[in-house]
Amino acid sequence: MTWIDGQTLNDEHVRFSTSVDGGDTWAAPVNVETSASDRGLYVAAAVSPDGSDVWLVYNAFTTPYQTTTSAVRPLVGVVAHAEVTGGLVGSFAEMHRSSPGDARGSSQNDLTGEFLGDYVYATATNDFGAFVWNDVRTGADCPAVDAWRAALRTKDKKDDPPRPEPNNDCNASFGNSSIFGARSPTRHSQRAIVKRNLPAADAQFRIRL
Amino acid sequence: VVVEKNTDAASGNWGLASGATGCTMRTDSGGTVYLFWHGFNMNTKEEGIFLSRSFDGGATFENRRRLFVVHPTGVFDPVLGRNTMDGIAGHAPTSQPRRASTSPMAHPPDRAAPTGS
């Protein structure tokens, strides 16, 4: 089982726990993000049917909480894998880290905030794992929206800019958030791939939202 | 969405003022059904990962148990009515309950859905 815990702002963790007795008892949770700068947002896990592999996929922000809208907000998708030996899950090794995207380039329909969805899922067979995550690498930041969003959060409304018109005021890629996915290589090479990353591009696919 | 009546508030049961989100279900090879969810109590402002299992194909479920305490992520955004994690006007997780800033719940739950087999 895995989840995100935010006890301390800017020190959020991807938590993971297992049970070896059918859910009667659970091991003390551990942090399993693969980079210290990862602030987990959404996470999913999958166990292979033969119980020998555990896969994780998570979205994470890699910069601290921003009090302005003027700085980039990198979002990544990460895939990690752990071997299971004697019912015990080993340490997670990073298998893939997506190219970062700027979350400011996503948007709710009313433009007042970003929107990423919660499309983070993993599945596994004995032969491979497959994963999807939110990805904004194909989106573009829109400074006009940034300024308007910031102004909505100030008390003084006299100098607020007008509500932007994305078709006229933004790059055409503003709001172009996506679901990206990847799969691991086949089982014949699975033990080998534990020590190397998933292919950067050819194992990925993209679903346009 | 399930509405429950709590007749034993003093015991700390998560009843009337509680909510749930991020529900997920898994089965094992022996036929046991595992139901996990992220529960929150607006009175105590506590959140947790809960589990209830069914050993009869879903006809009945055992009493729920809170497995782990969970802490919400992010900072409250008054325009969105939810916590955002990456910054002001940021992403507000879709499973968070939208609320007014005067809500007694100081920090609504982020999506901490337990997932996995």
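This is a predicted model: local features need pLDDT of at least 70, side-chain atom pairs count only at pLDDT 80 or more; totals for chains, interfaces and linings use all residues.
**Salt bridges and the interface between chains A and B**

Asp24(A) and Arg53(B) are joined by a salt bridge whose closest N and O atoms lie 2.7 Å apart. In total, three salt bridges are counted between chain A and chain B. Alongside them, 17 residue pairs are in polar contact between chain A and chain B, with both residues at pLDDT 80 or more. Three elements of chain A each give two or more residues to the side that touches chain B, namely strand E1 (2–5), strand E4 (39–47) and helix H1 (143–152). E4(A) provides the largest share of that side, eight residues. Sorted by class, the side of chain A that touches chain B holds 21 nonpolar, 15 polar and nine charged residues.

The extent of the interface can be described in two ways. Counted by residues, 45 of chain A are in contact with 36 of chain B. The size of an interface is often given as the accessible area lost when the parts come together. By that description, chain A and chain B bury about 3,400 Å² between them, and 57% of this lies on carbon and sulfur atoms. Within the area that chain A buries against chain B, Met1(A), Tyr65(A) and Arg153(A) supply 19%, more than any other three residues.

Arg153(A) sits in the loop between H1 and helix H2 (166–169) of chain A, while Asp77(B) belongs to strand E5 (residues 75–77) of chain B, so the pair joins two chains. Asp77(B) counts as buried because its relative accessibility is 3%, below the 20% cut-off.

Attention now turns to the salt bridges of the structure as a whole. Side chains of opposite charge can pair when their charged atoms come close. Over all chains, the search finds 14 salt bridges. One of them links Glu114(A) and Arg73(A), with the closest N and O atoms 2.9 Å apart. This pair connects distant parts of the chain, 41 residues apart: Glu114(A) is in the loop between strand E9 (101–102) and strand E10 (121–124) of chain A, and Arg73(A) is in the loop between E5 and strand E6 (74–85) of chain A. Glu114(A) and Arg73(A) are both buried.

Another pair, Arg137(A) and Asp135(A), meets through a side-chain salt bridge of 2.8 Å, N to O. Here the two partners fall into separate accessibility classes: Arg137(A) is partly exposed at a relative accessible area of 26%, whereas Asp135(A) is buried at 2%. Salt bridges that share partners also join Asp102(A), Arg104(A), Asp141(A) and Asp146(A) into one network.

Asp53(A) lies in strand E5 (residues 53–61) of chain A and counts as buried, with 0% relative accessibility. Its side chain makes a polar contact of 2.9 Å with the side chain of Ser52(A).

The antiparallel pairing of E1(A) with strand E2 (residues 13–16) of chain A extends over four bridges. In this arrangement Asp5(A) stands opposite His13(A) in E2(A).

The loop between E1 and E2 of chain A holds Asn10(A), which has a positive phi of about 70 degrees although it is not a glycine. Asn10(A) is partly exposed, its relative accessible area being 35%. Ala89(B) is located in the segment after strand E6 (82–84) of chain B, and is buried with a relative accessible area of 1%.

Note on methods: Residues are numbered from 1 along each chain as its sequence is written. Chains are lettered from A and ligands numbered from 1 in the order in which they are written. Side-chain values use heavy atoms; hydrogens and water are left out. Buried means under 20% relative accessible area, exposed over 50%, partly exposed in between (1.4 Å probe, protein chains only). A polar contact is a pair of N or O atoms within 3.5 Å; within protein, one must be able to donate a hydrogen and the other to accept it, and residues adjacent in sequence count only if both atoms are side-chain atoms. Contact means heavy atoms within 4.5 Å. Buried area is the accessible area (1.4 Å probe) that two parts lose on being put together, summed over both. A salt bridge is a side-chain nitrogen of Lys or Arg within 4 Å of a carboxyl oxygen of Asp or Glu. Ala, Val, Leu, Ile, Met, Phe, Trp, Tyr, Cys and Pro count as nonpolar, Asp, Glu, Lys and Arg as charged, and the others, Gly among them, as polar. Two strands pair if DSSP finds at least two bridges between them.
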